[in-house]
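Dear colleague,

Please find below the structure that I am handing over to you. My notes on what was found in it follow directly after.

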Amino acid sequence: MFTKIRKRLRKFFSRNNNNAPSSLTFDDPTVWYQLTYVNLSNCSGITTLPKELGASPHLEKLVLSNNGFGASVEFKWHWLQQTAIQNNLRFLDLSKNSLTELPACIGKLSALTELIVCHNSLRFLPRDLGTLPHLEKLVLSNNGFGASHEFEWHWLQQTAIQNNLRFLDLSKNSLMIVLPACIGKLSALTELIVCHNSLRYLPQSIGNLRNLQVLRSSNNKLFYLPGSMMNMQLETLDVSTNDFLTLDGTLIFKELTLRILAAKVVLKNRSTYRKERDNIPPELFKQFEYLETETNYCLYCKRPCLDSYITEFMRLNPLCIANTTILDTEENEILSFQCYFCSPDCREKSRILNIWLE
Ligand SMILES: [Zn+2]
């Protein structure tokens with residue numbers, strides 16, 4: 001296996017370095033000390049790398065796509081546990097490696113800005129990946145995200161990723177019904193791609209993505225869009241090939257249920273709920289988590305709609321919220337948006353503003 005790596009490295013040196021060593025051995029430190037970019041894609045299924053590669057002090061970019069790293073057990077990631085690579089690596093491509101999970105040590109690559117892990121069998125990521133301080137681009141397309149799992153999105157709930165991630169590609173996964181609402185906390189996000197899933201709704205929290213420029217959600221099963229998007233100004237909105245319904249003016253008065261009341265009591269005592277989590281009935285805890293992450297906000301006054309509220313479907317030309325739109329047909333030129341109002345008063349004031357009409 002290492003013969004292939006050696007061969008590839010020799011080729012690399014002869015292309016990029018006039019002082020290429022005539023022969024490479026893993027004992028020769030000059031080999032490792034000069035590396036800044038290594039491409040070992042399509043290396044006939046290598047499953048690990050020599051430890052020395054991880055110790056190379058200038059390595060910033062590493063491409064390992066289309067190999068067999070998924071066959072690797074934990075100890076074979078020793079190369080990724082070296083201090084040098086953890087401090088310096090900025091770009092890592094592990095696409096097409098049959099990975100079912102990423103090693104926990106990937107959460108220590110403190111300089112990493114781009115991680116490409118598309119075309120694997122991932123269903124979740126290590127929680128610490130969300131704590132990387134510089135991660136800006138994450139490509140997760142063609143994996144198994146969305147098959148439900150309690151801790152599946154914990155990596156997305158960390159402060160660092162919420163403050164820094166700019167590009168997220170979750171297309172061609174198993175996302176069902178609705179995206180996790182915590183996506184609305186990715187405050188730096190400029191491009192979100194969720195095409196080719198089975199989504200019926202986008203969360204209202206999408207409207208919190210103030211920096212979002214591009215939203216691609218084609219080839220899903222969306223019925224309508226969240227009303228919070230009516231305040232957005234995107235560059236590109238792609239919602240072609242969905243199941244949009246023609247909904248207009250449907251009013252729903254949501255009543256306060258006992259379960260929500262109980263969850264609100266827990267919310268008020270949030271400082272203690274975590275340590276007492278075991279004592280809270282699972283149904284109630286679920287309701288609490290739902291309230292915490294998926295609260296809807298009044299389109300007019302922006303206050304949370306926790307008690308009774310009104311939802312109303314409003315119709316809008318998507319060109320009002322994006323410079324470029326990609327739709328199926330002319331029929332879809334007007335889309336339905338589900339809007340929330342905390343009171344009939346806010347709904348009336350919003351009507352007077354006429355904000356949703358073309
Ligand atoms: Zn209101």
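Two residues are said to be in contact if their C-beta atoms, placed from the backbone, lie within 7 Å. Please note that this is a predicted model, in which local features need pLDDT of at least 70 and side-chain atom pairs count only at pLDDT 80 or more, while totals for chains, interfaces and linings use all residues. Residues are numbered from 1 along each chain as its sequence is written.

Overall picture

The mean pLDDT (the predictor's confidence in each residue, from 0 to 100) is 82 for the chain, and 74% of its residues reach 70 or more. Over residues 17–22, pLDDT stays under 50, and the model has seven contacts beyond four places in sequence for that stretch. Where pLDDT is low, the predicted coordinates should not be read in detail.

The chain contains nine helices and 16 strands; helices (H or I, at least four residues) and strands (E, at least two) are DSSP runs, numbered from the N terminus. Of its 358 residues, 34% count as buried. A residue is buried if 20 or more other C-beta atoms lie within 10 Å of its own, exposed if 12 or fewer, and partly exposed in between, with C-beta atoms placed from the backbone. Among contacts between residues at least 6 apart in sequence, 57% join residues at least 24 apart.

The open sheet

An open sheet is formed by 10 strands in the order β1-β2-β3-β4-β5-β6-β8-β10-β12-β15, with parallel pairing. Strands β1 (37–39) and β15 (322–326) stand at the edges with a single partner strand each, so one side of each has no neighbour in the sheet. From one strand to the next, the twist averages 5°, where axes are lines fitted to C-alpha atoms, for helices over the stretch in contact, and angles run from 0 to 180 degrees between N-to-C directions. Two strands pair if DSSP finds at least two bridges between them. Within the sheet, β2 (residues 61–63) and β3 (residues 91–93) run parallel and are joined by three bridges; K61 has F91 as its bridge partner in β3.

Strand β14 (residues 309–316) pairs with β16 in the antiparallel sense over seven bridges, and M314 has F337 as its bridge partner. Strand β11 (residues 225–226) runs parallel to β16 and is joined to it by two bridges; here L225 is partnered with F337. Leaving aside neighbours within four places in sequence, the contacts of F337 are Y224, L225, P226, G227, M229, M230, F313, M314 and L316.

A nonpolar core is a set of buried Ala, Val, Leu, Ile, Met, Phe, Trp, Tyr and Cys residues joined through C-beta atoms within 7 Å. The largest such core has 81 residues, of which V117, L122, L140, C298, F337, Y340 and F341 touch the most other members. At least two residues of this core come from each of α2 (29–34), β4 (114–116), β5 (137–139), β8 (191–193), β14 and β16. The most are given by β16, with five residues. Domain 1 (1–176) and domain 2 (249–318 + 335–353) each supply at least three residues to this core; the domain bounds come from an automatic or database domain assignment. In soluble globular proteins, nonpolar side chains tend to be buried together.

Individual loop residues

R90 lies in the loop between α4 (83–88) and β3, and is partly exposed, with 15 other C-beta atoms within 10 Å. Not counting residues up to four places away in sequence, R90 touches E60, K61, A111, L112 and T113. R90 and T113 are 23 residues apart in sequence but 5.2 Å apart in space, C-alpha to C-alpha.

K76 is placed in the loop between β2 and α4. K76 is partly exposed, with 14 C-beta neighbours inside 10 Å, and is in contact with T47 and T48, leaving aside neighbours within four places in sequence.

K96, in the loop between β3 and β4, has a positive phi near 55° and is not a glycine. K96 counts as buried, with 21 C-beta neighbours inside 10 Å. T241 also has a positive phi, of about 55°, and lies in the loop between β12 (234–238) and β13 (251–254). T241 is partly exposed, with 16 other C-beta atoms within 10 Å.

With kind regards
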